[in-house]
Amino acid sequence: MSRVYNFSAGPAVLPEEVLKEAAEEMLDYKGTGMSVMEMSHRSKAFEEIITEAEQDLRDLMNIPDNYRVLFLQGGASQQFAMIPMNLMKNRVADYIVTGQWAKKAAKEAEKYGKVNRIASSEDKTFSYIPDCSDLPVSEDADYVYICENNTIYGTKFKELPNTKGKTLVADVSSCFLSEPVDVTKYGIIYGGVQKNIGPAGVVIVIIREDLITEDVLPGTPTMLTYKTHADAKSLYNTPPAYGIYICGKVFKWIKAQGGLEAMKVRNEKKAKVLYDYLDQSRLFKGTVVPKDRSLMNVPFVTGDADLDAKFVKEAKAAGLENLKGHRTVGGMRASIYNAMPYEGVVALVDFMKKFEEENL
């Protein structure tokens, strides 16, 4: 069985070189005589793995010294609660709702304080990013929250919102390491790794040190306090060790490709192939306002549910997997993360052209 082109939104495609390397080390990691899956998280070998992974991530993102990198569990969804528990000193936060995940995060935060939804694109099925240059940011807000790239809807903030001096918190799960980023513009930048970086089970939180305090909401569990994990260097309890090991390999792979600048160029080139075709296709239509299009997630439709289903089925038979769109958008979605090769996108577009000819 040859490998398919996997357009899954997550868990998603990983670099083949990384998978091969992991396979070679599966039974014996660097002469330890055991797999990383089996080794103690307190061992010297694992300490080197996690330390090196953090350093490589710092190098890739130019993370300043006053930010901590935490490798945590619970996925991005657990951060929906952890953020207000740790940051909501005034019990007020502003949320910009541009998709399902920001909507869920806002709802979760309501358990801990007042949530102001200061902008939303729900009126048009989250198909655009609202103008965030002059928002009614609350004077007493502890932070402003965004989901920077919306996996389901295929939108991306090209400019960060003007938070008027308030701390910006961003979920970057589906655009993590896809392009250069200025970490200093955020108080917290976090994401689940299962889209662009590694296997499901790890969430990486990059947090400014002044936000790590013991002054958290009453009743906050020890495990949901950032200080717990920062003080223990992500080793307070047994971490998702194998997941972190794969993330570390992916960081090295990105470095070898030329870092985030090179990733951005690659990703723009791949996305252009698909968007250029969608813009001239008579059968397929992209669902996102062009200026807000994501480089990572590309939803598209034919306008006919039966035809969409036929497309997904025939694409699968042609080795193009996981193209079914999210139920809230319908149609199809191609997730073209860092590890999706250019050839994969070309193969998809070639298949779409053929399908268009046969079904128009």
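**Entry 1: proline 11.** I located proline 11 in the loop that runs between strand 1 (5-6) and helix 1 (16-24). I then examined the peptide bond between glycine 10 and proline 11 and found it to be cis, with omega at about -10°. I note here that the model is predicted.

**Entry 2: asparagine 62.** I looked up backbone angles next. Asparagine 62 has a phi near 50°, which is a positive value in a residue other than glycine. I placed asparagine 62 in the loop between helix 2 (44-61) and strand 2 (67-72). Its relative accessibility is 63%, so I recorded asparagine 62 as exposed, the cut-off being over 50%.

**Entry 3: phenylalanine 126.** Phenylalanine 126 is not a glycine, yet I read a positive phi of about 55° for it. I found phenylalanine 126 in the loop between strand 4 (114-120) and strand 5 (144-147).

**Entry 4: helix 6 and helix 7.** I turned to the packing of helix 6 (residues 241-257) with helix 7 (residues 259-280); their axes lie 7 Å apart and the angle is about 75°. Angles of 65 to 115 degrees count as roughly perpendicular, and I therefore described helix 6 and helix 7 in that way. On the helix 6 side I listed Trp253, Ile254, Lys255 and Gln257, which meet Gly259, Leu260, Ala262, Met263 and Arg266 of helix 7. I sorted the residues of this contact into five nonpolar, two polar and two charged.

Definitions and conventions:
Residues are numbered from 1 along each chain as its sequence is written. This is a predicted model: local features need pLDDT of at least 70, side-chain atom pairs count only at pLDDT 80 or more; totals for chains, interfaces and linings use all residues. Side-chain values use heavy atoms; hydrogens and water are left out. Helices (H or I, at least four residues) and strands (E, at least two) are DSSP runs, numbered from the N terminus. Buried means under 20% relative accessible area, exposed over 50%, partly exposed in between (1.4 Å probe, protein chains only). Axes are lines fitted to C-alpha atoms, for helices over the stretch in contact, and angles run from 0 to 180 degrees between N-to-C directions. Angles under 35 degrees count as roughly parallel, over 145 as roughly antiparallel, 65 to 115 as roughly perpendicular and the rest as oblique. Contact means heavy atoms within 4.5 Å. Ala, Val, Leu, Ile, Met, Phe, Trp, Tyr, Cys and Pro count as nonpolar, Asp, Glu, Lys and Arg as charged, and the others, Gly among them, as polar.
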